[in-house]
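Morning, everyone. Please have a look at the structure on the screen before I start.

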Amino acid sequence: MQWFILILAGLLEIGWAVGLKYTDGFTRLWPSVFTILAICLSLGLLGIAVKDLPVGTAYAVWMGIGTVGTVIFGIVFFGESASLLRLASVGLILLGVIGLKLATQ
C-alpha cells in the first residue's frame with residue numbers, strides 16, 4: 001500500500017510542477033490554488049509513505065516520478081526538446097528509480 005501512496009504522491013508532483021507554468025508566477029488565482037493544493041497533497045502522501053519505506057528510497061522514487069513525468073509532459077504538451085541526450089538522461093533517472101525500488105524489496 002505504501003508504494004501505491006508513493007506513486008500517487010509522485011503523480012501529484014508532476015501535477016504541481018506542470019501547474020507552476022500555469023500560475024504565471026502565482027498571479028493567476030485558480031491555477032495557483034490547484035498547484036498549492038497539489039504540493040500539499042504530494043508532500044503529505046510522501047510523508048505517509050516514508051512511515052514504512054526507507055526515506056532515501058522513497059524520496060528518490062518520488063522525485064524520479066515527478067522529474068520523468070514532468071519532462072515527458074513538457075515534451076508532449078509544451079513542445080520542449082526531445083533530444084537524444086535529454087531522453088537518455090531521463091532514461092538514466094528511470095533506471096535509477098527502478099534500481100532503488102528493487103533494492104528495497
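A word on the source. This is a predicted model, where local features need pLDDT of at least 70, side-chain atom pairs count only at pLDDT 80 or more, and totals for chains, interfaces and linings use all residues. Residues are numbered from 1 along each chain as its sequence is written, and side-chain values use heavy atoms, with hydrogens and water left out.

Now the chain. It has four helices and zero strands. Helices here are DSSP runs of H or I with at least four residues, strands are runs of E with at least two, and numbering goes from the N terminus. In sequence order the pattern is α-α-α-α. The C-alpha trace spans about 40 × 35 × 15 Å along its principal axes.

How much of the chain is buried? Of the 105 residues, 32% are. Buried means under 20% relative accessible area, exposed means over 50%, and partly exposed is in between, with a 1.4 Å probe and protein chains only.

Next, contacts, meaning heavy atoms within 4.5 Å. Take those between residues at least 6 apart in sequence: 68% of them join residues at least 24 apart.

On to helix H1. It covers residues 2-23, which is 22 residues. From first C-alpha to last it reaches 31 Å, close to the 32 Å expected at 1.5 Å a residue. That expected span is 1.5 Å times one less than the number of residues.

What do the buried residues of H1 pack against? Helix H2 (29-49) and helix H3 (55-78). Among those buried residues are Ile5, Leu6, Ala9, Glu13 and Trp16. A general point: an α-helix has 3.6 residues a turn, so residues three or four places apart point the same way.

Gln2 lies in H1. Gln2 counts as buried because its relative accessibility is 16%. Leaving out residues up to four places away in sequence, Gln2 touches Ile48, Ala49, Lys51, Asp52 and Leu53. Gln2 and Lys51 are 49 residues apart in sequence, yet 8.5 Å apart in space, C-alpha to C-alpha.

Then Thr23, also in H1. Buried or exposed? Thr23 is buried, with a relative accessible area of 1%. Setting aside neighbours within four places in sequence, Thr23 contacts Arg28, Pro31, Ser32 and Thr35.

After H1 comes Asp24. The phi of Asp24 is positive, near 55°.

That is my tour; thank you.
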